[in-house]
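Please read it alongside the sequence and the structure.

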Amino acid sequence: MFENLTSRLGTVFDRLKRRGALRESDVDAALREIRVALLEADVALPVVKDFVRGVREKAVGREVLKSVTPGQMVVKIVHDHLVELLGGSHSGLRYGPPPSVILMVGLQGSGKTTTSAKLARRLDRREKKRVLLASLDVQRPAAQEQLATLARQAEVACLPIVAGEDPVAIARRALETARREGFDVVILDTAGRLHIDEALMGELEAVRDLAQPAETLLVADALTGQDAVNVARQFNERIGISGIVLTRMDGDARGGAALSMRTVTGRPIKFVGTGEKLDALDPFHPERMASRILDMGDVVSLVEKVAETVDRDEAERMARRMAKGRFDLNDLRKQLQQMRRMGGMSGILAQLPGIAKMKQQIAKANIDEKMILRQCAIIDSMTPQERRRPEIIHASRKRRIARGSGTQVQDVNKLLKQHRQMQDMLKRAKKAGGIQNLLGRGLPPGMPPH
Ligand SMILES: Nc1nc2c(ncn2[C@@H]2O[C@H](COP(=O)(O)OP(=O)(O)OP(=O)(O)O)[C@@H](O)[C@H]2O)c(=O)[nH]1
Ligand SMILES: [Mg+2]
């Protein structure tokens, strides 16, 4: 459902990442586009403003502008803000003393009854709770029967229907039944209205006061965008909600509701409905959702890793040397060391987006920890002069180096070849617009041209 937003942000980030050093004006231009992208996704204006301001504060800081991969740094900042916007970490359900009550509220047709059954099934299967469903919907004929049918499908208990009871009386009977029969959780499905009206709110308040729910979940339809957010705010002000379930996330909503909900209501999205079937309910994870929206593979943890392990000044020094076409075996040694600290090439590469295609090649290149160690040993067996000027390494020197490092002459040859290839790549990169271009993509410069 975030396709548009994702592709627009993708374009912005691609452009950023292609730049080497970022200027404030680059960040500003990117932020303007992010702003438009969010507004187009139907995110509430105050939320967008806050978001852009927050990102800007971080992104124009010196840390980013000086960083090895400024573009990716900005992506990471946007990602982190997005996670915050979506509510930080996953909020699970709270339980009170048994029977713990979950009150489901929301407008007509938002998905309350379906979600009640989905949730009951989930708690029954995954959390081994004994769940009792009860419908307080006396508005719509057959509403109670609808829940009973879904309960049968979900194989969870449902309070028997007694004709003519009012919602508060049904709630009371549900609690009594639950206490008597030892249920852990009671889920109360309520009637919807077309609009928020006094009668509905009064009824919900009465039920709330009686049942003292541990959770009051607002069920809102993601397809209704900003309306869903306004509804949530109003329900929260009047009834007090503890969390939100956004339904129809499988539809083609633009995503604004999901992105604005937390900021506007101050309440977390706890679950999302992703279909009509009873198993189509997922816990909501801000972290995963943000990554999905940004479609960034795991750039974020990659940047974190790199930031942890790469000495930035050293990396910049090396970048300058490389830009001048100077990259000797001492530099290669440092690169190899850095790669080791980052958990090897395949570990790094696997986290880059769009990498699936390359995975086989990586496997073929067979770059592993052991190989890095071996290559380091080879370089360690060279004289300082050999490291600075590899071209002087001829047959007898190769044999000595191989012996010294416990390897074969062909290993030495392979390393020298790899170094030559890297130099070639650097020269090509220099022609194609500078080494920063390569660094900007976050690939450590030691990467062989595979
Ligand atoms: N695609 C999709 N459909 C859903 C989802 N959740 C609910 N629906 C469908 O939406 C319709 C309305 O769902 P209900 O659960 O009856 O909604 P309600 O809020 O109980 O409606 P009222 O009781 O009339 O207020 C049904 O056809 C559901 O199958 C979802 O996450 N995705
Ligand atoms: Mg219903």
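Helix α6 (residues 112–126) supplies the largest share of the lining of the largest pocket, with 5 residues. The model is a predicted one. In it, R248 is among the residues nearest the centre of that pocket, and R248 is also among the closest to ligand 1.

**Largest pocket**

- The space in the largest pocket amounts to about 430 Å³.
- Its lining consists of 24 residues, and those nearest the centre are G109, S110, G111, T114 and R248.
- By residue class, the lining holds 15 polar, 8 charged and 1 nonpolar.

**Ligand 1**

- Ligand 1 is surrounded by 20 residues, with K112, T113, T114, R248 and D250 the closest.
- T114 places a polar side-chain atom 2.4 Å from an oxygen atom of ligand 1.
- From G111, a backbone N or O atom lies 2.8 Å from an oxygen atom of the ligand 1 molecule.
- E276 contributes a polar side-chain atom at 3.1 Å from an oxygen atom of ligand 1.
- Both G111 and T114, which make these contacts, are also listed among the residues nearest the centre of the largest pocket.

**Aromatic rings and charges**

- How many aromatic pairs are there? The count is 0.
- Two rings do have a charged side chain over the face.
- Over the face of Y95 lies K129, 4.2 Å from the ring centre.
- For F183, the residue over the face is R130, at 4.4 Å from the ring centre.

**Backbone geometry**

- Most peptide bonds are trans, and most residues other than glycine have a negative phi.
- The bond between P98 and P99 is a cis peptide bond, with omega about -5°.
- P99 belongs to the loop that runs between α5 (70–85) and β1 (100–105).
- Phi is positive at D42, near 75°, and D42 is not a glycine; this residue sits in the loop between α2 (24–40) and α3 (45–59).
- R248, likewise not a glycine, has a positive phi of about 55°; its loop lies between β6 (243–247) and α11 (256–265).

Terms used
Residues are numbered from 1 along each chain as its sequence is written. Chains are lettered from A and ligands numbered from 1 in the order in which they are written. This is a predicted model: local features need pLDDT of at least 70, side-chain atom pairs count only at pLDDT 80 or more; totals for chains, interfaces and linings use all residues. Side-chain values use heavy atoms; hydrogens and water are left out. On a 1 Å grid over the protein atoms alone, a cavity is a set of points where a 1.4 Å probe fits but cannot get out, and a pocket is an open set with protein on both sides within 12 Å along at least five of seven lines; lining residues have an atom within 4 Å of a point. Grid points are joined across faces, edges and corners, and a volume is the space filled by probe spheres set on the points. Helices (H or I, at least four residues) and strands (E, at least two) are DSSP runs, numbered from the N terminus. Ala, Val, Leu, Ile, Met, Phe, Trp, Tyr, Cys and Pro count as nonpolar, Asp, Glu, Lys and Arg as charged, and the others, Gly among them, as polar. Rings of Phe, Tyr and Trp (its six-membered ring) pair if their centres lie within 6.5 Å; planes under 30 degrees apart count as stacked, over 60 as edge-to-face and the rest as tilted. A charge sits over a ring if NZ of Lys or CZ of Arg is within 6 Å of the ring centre and within 35 degrees of the ring normal. A residue is near a molecule or strand if one of its heavy atoms lies within 4 Å of it. A polar contact is a pair of N or O atoms within 3.5 Å; within protein, one must be able to donate a hydrogen and the other to accept it, and residues adjacent in sequence count only if both atoms are side-chain atoms.
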